[in-house]
Each structure stands twice: as C-alpha cells, then as structure tokens.
Amino acid sequence: MAEVEETLKRIQSQNGVQGIIIVNTEGIPIKTTLDNASTVQYAGLIHQLVMKARSTVRDIDPQNDLTFLRVRSKKNEIMIAPDKDYFLIVIQNPSD
Amino acid sequence: MPVNFPDVQGKRDTVKEQVTEDMLKEVIDLYISETDSISLLDIPSTFVSVDADDAEPIMERNNQYAEACRSRMDNDKYVDQSVQTLNGATKNKQVQSDSIVMVDKATTVTSWDVYDSLISPDTGNNASGWVLSPVMSLLACIILLCFSSASAASSLKEVEALGNSLNAESDLQLIMLSEKFQHCLLVMERSILGNIFQPQLAAYRQLPVIEDPESPVKPGMGEQREEDAESPRSPAVVRLWAFSCELSRGSSVSSMAWNKKNPDLLAVGYGEFGSSNQKPGLVCCWSLKNPTWPERVIRCDSAVTSLDFSSNNPSQLAVGMQDGSIAIYNVKSRDNKACFISSSGCPNRHLDPVWQLRWTQQELSLTGEEKVESLFSVAADGRISKWFVSNNGLDCIDLMKLKKSHNTKKKAGGTTTGKKTESVLSALTPGLCFDFHPTDASVYLVGTWEGLIHKCSCSNSQQFLETFKKHFCPVNHVTWSPLSPDVFLSCSADWTIQLWKQDHHKPVLGFTSTQRTVCDIKWSPKWATVFGAVNEGQLEIWDLNSSILDPVIVQPAAAGVKMNSLLFAPQTDCVLVGDSDGQVTVYQSIDSPNLLFSNLTNFF
C-alpha cells in the first residue's frame with residue numbers, strides 16, 4: 001500500500017505532470033489531484049472516449065482488449081490506463 | 001323404424017332390396033351421426049333433366065307424390081307435425097382486461113457483446129453487482145440516519161451522496177491494493193518518463209530524434225546550429241542522462257553489470273568505502289525505461305563491492321560484499337528477501353572484501369557438451385574460489401591461492417627486505433581482479449596487490465602458468481579483449497595502463513595520461529582498438545587506431561565527484577560511468593555519422 005502511494009507521489013512529481021485522476025467503473029472519480037470541476041469534466045468525457053475505444057478494439061477482434069490509450073494534443077498529453085474496475089488518467093505536458 | 005327416402009334416387013347405384021312384409025316389421029336400429037361431409041339433415045336435392053332417359057318414371061313419381069300431398073288431409077298415413085328450434089335468449093356480457101403496456105426496447109449489438117455472452121455464461125455477476133451497490137448504499141443510509149441525529153433533516157439525496165462516497169472509499173482501497181493497479185502504475189510511469197526522456201532514450205537506441213513540431217523555437221538556436229554544422233566534429237561524448245535517486249545519493253558506485261538476458265536491465269552496487277565502519281550497502285536494479293527510480297532495491301548488510309548476473313538463470317544476481325560474504329538474489333520477485341542464498345554459513349568463506357565475482361560457463365571435460373555455470377570470486381584474502389549451492393547455502397572450493405612472490409628483482413646489490421618481512425606477514429596477497437579468457441574458460445588472469453598479473457588455469461591450483469610483471473602498484477583491473485585474441489589490458493594505481501599479449505612477458509604498449517590511479521578499464525564491445533578508462537577525475541576513451549599517446553575523448557568528471565567504474569553498453573555506442581556520488585551517468589560517444597549533433601544541443 002505504501003509502495004503504491006509512493007509511486008503515485010513519484011508520478012505526480014515528474015516533470016510536466018498536471019494531474020492524476022482515478023475513476024471507478026461507474027464514472028465517479030475516487031482520487032484526484034486536480035480541482036473538482038476539471039476532475040468531473042475529465043472523468044465524464046474520458047469515460048465515454050474509453051468506452052468507444054474499447055468497443056472499437058473489441059469489434060475488430062473480440063479476443064483483444066484495450067490496454068492503454070494516449071491522446072496527444074497541442075498543449076498536453078492525456079494517458080489513460082483502463083481496466084475492468086477503474087481508469088487511471090494522467091495529464092502531462094511533456095515539453096515542460 | 002323403416003326409413004324411406006322416395007325422392008333420393010339419382011345418385012345411388014346400389015341394388016334395391018325386395019322389401020318383404022316381415023322385413024318391414026323388423027326393428028332396425030339406425031344411428032344417425034354427422035360425418036365430415038354429411039351433416040345430420042342432409043337432403044341434397046337432385047335435378048334431373050327433362051330429356052333424361054329416366055325422366056318419365058321420375059315425373060310419374062313426382063305426380064304421385066303431389067297427389068299424396070293433396071290427399072294428405074284425410075289420410076292417416078301422413079301426419080302433419082311441426083318442430084321448433086329453440087333459440088336461446090342472447091345476453092350481453094362485457095369483459096375488460098388490463099391494458100397491455102407496450103414498451104419499445106432497442107439495443108445495438110456489437111460483435112464483442114455477442115462474444116462475451118457466449119464465452120462467459122455467468123452474466124449474473126453483473127446483475128448481482130448492481131444489486132449490491134444500492135443495497136450497500138441503503139445500509140449506509142440507515143447507519144447514517146441512526147447515528148446522526150442532527151443531520152436527520154438532511155435530504156435523502158445528501159445521504160445517498162454520502163453513501164456513494166463510502167462506496168467510493170472502499171473501492172479506492174480495493175483498487176489500490178490490487179496487483180493490476182500496480183502494473184498499471186508501472187506502465188503509466190514509464191510512459192510519462194518516456195515522454196520526458198524521449199530524446200535521450202532515442203539517442204541511446206540510435207534512433208533519429210523526433211523534434212517536437214509545436215515546441216517554441218528559441219531564437220538563439222538557429223544561429224548556433226549553423227555554427228555547429230560548420231565546425232569539424234571532433235569526437236566527444238555527450239551526457240545523456242544519469243541514473244540516480246535519493247536512496248543512492250552519497251554512496252559510491254562500486255560495480256555495475258548488465259543483465260544477460262534483458263539488455264535494458266542494469267544492476268548497480270553501492271557502498272561507502274571511505275570510512276572504516278561497515279555501513280550497509282545497496283544494490284539497485286535500474287531499467288532503461290525508468291531513469292528516476294530503480295525497479296528493484298535490495299539492501300545488503302555491508303557495502304557491495306562486486307556483482308554479476310548469471311547467464312544460465314538470468315534473474316540471479318550474485319553480490320559480493322565488503323565483509324567477504326556473497327549472496328545470490330533473485331531479482332524477478334518484488335520481495336526483497338525472496339530467493340536469497342548467502343555464503344555466511346560457509347566455513348570457507350572469504351573474510352575480506354570480495355573484489356570481483358564472475359559467473360562463467362565451463363565445459364564439463366567428460367561430456368564436453370554441457371556448459372555448467374559456476375560462480376568464481378577473488379577476494380582480498382588471496383583466494384580464488386569456485387562456489388556452488390549446497391544445503392541452502394553456498395559452499396566453495398579454492399581454485400588458487402595467491403602466494404606472495406619472492407622479490408627476485410633486487411638481487412643485484414639491492415637490499416632484500418622482502419624476504420624478511422614475508423615471514424611475518426601472511427603468505428597470501430590480496431587479489432583484486434580477475435578475468436576469464438573469452439574462448440577458453442579454464443584459463444584466467446588474476447591481478448594482485450603486488451602489481452603482478454598471473455595467468456592461471458582451473459586445473460592447476462598450485463602453480464601459475466605465467467606471471468606478468470610491470471606494475472608496481474596494485475592492479476585494479478585486468479581484462480581480455482573480446483575481439484582480438486590473446487590481448488589483454490591491465491590498469492593499476494601506478495597511473496598506467498598496460499597492453500599485453502599473452503605470450504610476451506613484457507607489455508606491448510603502455511599508456512599514461514594523468515597522474516591519478518586508474519580505477520577501471522574496459523574494452524569496447526564493438527571496436528577492437530577502442531577501450532575506455534576511468535581515473536578519478538575523468539573518463540578517457542582511447543582509440544589505438546588513431547593515437548597511442550593520448551586518449552581520443554576525455555570527459556572530465558563533475559566537480560567534487562570522482563568517477564569510479566565504467567561499463568560499455570552493448571549494441572549501442574554508449575558508456576556508463578559510476579561515480580562517488582551514487583550517480584551512474586550515461587554518455588554517448590558521437591563519432592558515429594548517423595547522429596546529428598545539432599539535434600542534441602537543442603535539448604541540453
């Protein structure tokens with residue numbers, strides 16, 4: 001447990017990391033380092049995106065499954081690690 | 001009752017019976033029932049054409065019948081009877097049913113939906129999951145209502161929200177403890193670091209560095225690029241990154257080794273050697289994918305002096321320590337103490353620092369096929385031992401004892417104080433380094449404290465095959481050339497590096513560049529004439545092809561830091577240097593033409 005907390009702290013302190021959000025299956029953010037409004041916004045929007053991405057991957061081959069999703073935009077990069085029970089979302093600005 | 005159908009004639013072909021008087025009186029039972037085609041009162045009328053053959057008798061009979069009907073009134077043969085069918089009275093009855101609720105339900109089925117329902121028949125799991133959470137939230141609500149009287153007035157929504165948050169907390173705990181989440185975090189951390197270190201890692205792997213198209217163009221860079229392009233590129237090393245973390249800061253790097261199977265995994269041993277008290281040492285396994293935190297951290301009882309990965313079992317790491325003990329760790333598992341074998345129970349163990357360890361494969365002489373791997377060590381008590389695992393511990397047999405040599409050089413008129421002092425001190429001299437021949441694994445070289453290099457064989461444990469004398473200070477490192485046979489290098493605290501050929505007693509070449517003890521020396525795995533050397537103040541890369549007097553590349557150490565150890569990275573042109581501050585810095589040598597120097601200056 002302490003190791004997990006340490007790893008999260010390390011990730012948070014890396015260069016350019018703007019925020020970490022952990023969302024459960026129902027779409028409710030259960031741990032976040034951003035403010036409430038952004039968290040809710042990210043959680044809601046990304047939930048839909050991941051569902052769509054996962055559906056796409058599995059439609060092509062039902063035995064396949066989505067393991068990681070990265071969305072690179074002009075200002076930052078959103079990295080999402082989806083799982084059956086949760087999503088882990090990290091927003092990073094790599095050019096910092 | 002006799003039944004007479006006088007009019008039914010036309011269709012029947014049956015022969016008419018002669019009706020006798022007796023037969024008429026006989027009671028014949030006839031049962032009338034409906035069949036599929038004949039109903040109870042079925043009197044099909046027949047029409048006969050007037051022109052038919054049997055028309056006349058029919059017409060006669062018709063006339064007879066008409067007369068019989070006319071005379072009916074008085075005739076007893078014919079009785080008038082009427083029949084009435086009873087029609088039941090109609091009754092209205094009303095029935096009303098529940099309105100049938102029609103609901104429109106639609107679903108989009110995807111192919112994975114179909115696959116999932118076929119493969120996993122227990123979809124009841126999902127349903128139960130959904131049932132549980134409202135039940136849990138209901139329980140939570142009840143509990144809250146019982147305990148908080150003040151908030152009894154709170155609306156149901158609030159309580160529900162609280163219930164949800166309790167749910168969420170337990171969810172969080174469950175999630176954080178699961179292994180999948182830890183793996184997730186690992187991947188995420190590596191991706192983030194991949195983003196941050198992308199140019200350096202790409203340079204390490206000799207891939208073209210991607211320039212970020214959106215990054216703001218610094219105004220001064222354009223001119224500098226032009227300048228660089230014009231000046232001739234002199235070979236130099238560029239610092240890519242450094243493996244360092246808080247755990248290792250302050251300790252000095254004593255040894256480094258690459259994993260034999262996974263070329264991205266590096267084991268680094270740390271220890272503090274300055275002070276005489278034995279402080280605990282540290283081994284960190286670093287992965288190239290995460291230069292900021294080691295993958296595995298192993299704490300050892302005393303300072304680590306040497307380590308080596310096994311090739312037969314790539315996850316076994318042998319660690320030699322300053323107190324003479326040797327331990328074998330398995331780095332696969334995350335538990336620190338799992339699969340840990342130590343030599344502390346062995347009666348023959350070294351009592352002095354183990355200066356070098358090596359796993360070497362040796363052919364079994366009988367079969368000549370199997371390559372058995374054994375662990376060899378050389379220690380400051382002058383013994384070279386071969387270790388094997390027995391009874392949950394390590395046990396060793398001595399391969400060679402390094403006896404002090406008689407000082408025969410000073411015979412001619414010099415004082416021979418050597419002989420007298422020998423009898424007082426122990427007869428063994430500390431061995432500092434050894435190296436096995438790359439092709440013939442039974443022959444090895446040992447460098448000693450006295451400055452001698454002995455060539456020995458595994459089969460002869462009494463005598464040295466040859467002795468090479470040149471150094472007069474402890475030989476710090478000796479290494480065979482991997483590419484050119486029978487050539488080896490040695491470096492020593494007498495500020496020199498010597499290049500030897502196997503059969504010559506005198507070195508072929510000697511190199512000196514600074515007046516400092518040369519700590520470590522390694523051949524380049526790719527180029528036969530290139531080797532690297534580290535003395536305390538700088539990293540030197542020598543290329544015998546271009547110059548035998550001066551190193552080709554010199555990289556000074558950072559201020560206040562002494563460089564200790566050196567390792568070449570296989571398959572890339574990078575060099576790793578460990579220093580006394582606990583940092584392992586990766587330098588890339590850039591005389592390779594594919595690398596664009598200008599790209600790298602943008603990032604540093």
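How many salt bridges does the rule find across the interface of chain A and chain B? In this predicted model, the rule finds three salt bridges across that interface, and chain A and chain B bury about 3300 Å² between them.

**The interface of chain A and chain B**

- The contact takes in 37 residues from chain A and 30 residues from chain B, and of the area of about 3300 Å² that the two chains bury between them, 65% lies on carbon and sulfur atoms.
- A salt bridge joins the side chains of A:Arg10 and B:Glu189, with a distance of 3.0 Å from N to O.
- Sorted by kind, the residues on the side of chain A that touches chain B comprise 16 nonpolar, eight polar and 13 charged.

**Chain A**

- Chain A has two helices and five strands, which follow one another along the sequence in the pattern α-β-β-α-β-β-β.
- Of the 96 residues in chain A, buried residues make up 47%, and among the contacts in this chain between residues at least 6 apart in sequence, 38% join residues at least 24 apart.
- A:Asn93 is found in the segment after S5 of chain A, and A:Asn93 counts as buried because its relative accessibility is 16%, which lies under the 20% limit.
- Not counting residues up to four places away in sequence, A:Asn93 touches A:Gly16, A:Gln18, A:Lys75 and A:Asn76.

**The nonpolar cores**

- The largest nonpolar core has 48 residues, and those with the most contacts inside it include A:Leu88 from chain A as well as B:Phe181, B:Trp241 and B:Phe243 from chain B.
- Helix H6 (residues 179-196) of chain B gives the most to this core, with seven residues.
- When residues up to four places away in sequence are not counted, B:Phe243 touches B:Leu266, B:Trp286, B:Leu288, B:Pro291 and B:Leu576, among others.
- A second, separate core of 15 residues includes B:Ile298, B:Phe309, B:Val319 and B:Tyr329.

**Individual residues in loops of chain B**

- B:Cys473 lies in the loop between strand S17 (466-469) and strand S18 (475-480), where B:Cys473 is partly exposed, with a relative accessible area of 22%.
- Although B:Cys473 and B:Cys491 are 18 residues apart in sequence, their C-alpha atoms are 9.7 Å apart in space.
- Leaving aside neighbours within four places in sequence, the residues in contact with B:Cys473 are B:Trp449, B:Glu450, B:Gly451, B:Ser492, B:Ala493 and B:Asp494.
- B:Gln206, in the loop between helix H7 (198-204) and helix H8 (219-230), has a phi near 60°, a positive value in a residue other than glycine, and at 33% relative accessibility B:Gln206 counts as partly exposed.
- B:Gln571 likewise has a positive phi, near 65°, and is found in the loop between strand S26 (563-568) and strand S27 (574-579), where B:Gln571 is exposed, with a relative accessible area of 63%.

Conventions. Residues are numbered from 1 along each chain as its sequence is written. Chains are lettered from A and ligands numbered from 1 in the order in which they are written. This is a predicted model: local features need pLDDT of at least 70, side-chain atom pairs count only at pLDDT 80 or more; totals for chains, interfaces and linings use all residues. Side-chain values use heavy atoms; hydrogens and water are left out. A nonpolar core is a set of buried Ala, Val, Leu, Ile, Met, Phe, Trp, Tyr and Cys residues joined through side-chain atoms within 4.5 Å. Buried means under 20% relative accessible area, exposed over 50%, partly exposed in between (1.4 Å probe, protein chains only). Helices (H or I, at least four residues) and strands (E, at least two) are DSSP runs, numbered from the N terminus. Contact means heavy atoms within 4.5 Å. Buried area is the accessible area (1.4 Å probe) that two parts lose on being put together, summed over both. A salt bridge is a side-chain nitrogen of Lys or Arg within 4 Å of a carboxyl oxygen of Asp or Glu. Ala, Val, Leu, Ile, Met, Phe, Trp, Tyr, Cys and Pro count as nonpolar, Asp, Glu, Lys and Arg as charged, and the others, Gly among them, as polar.
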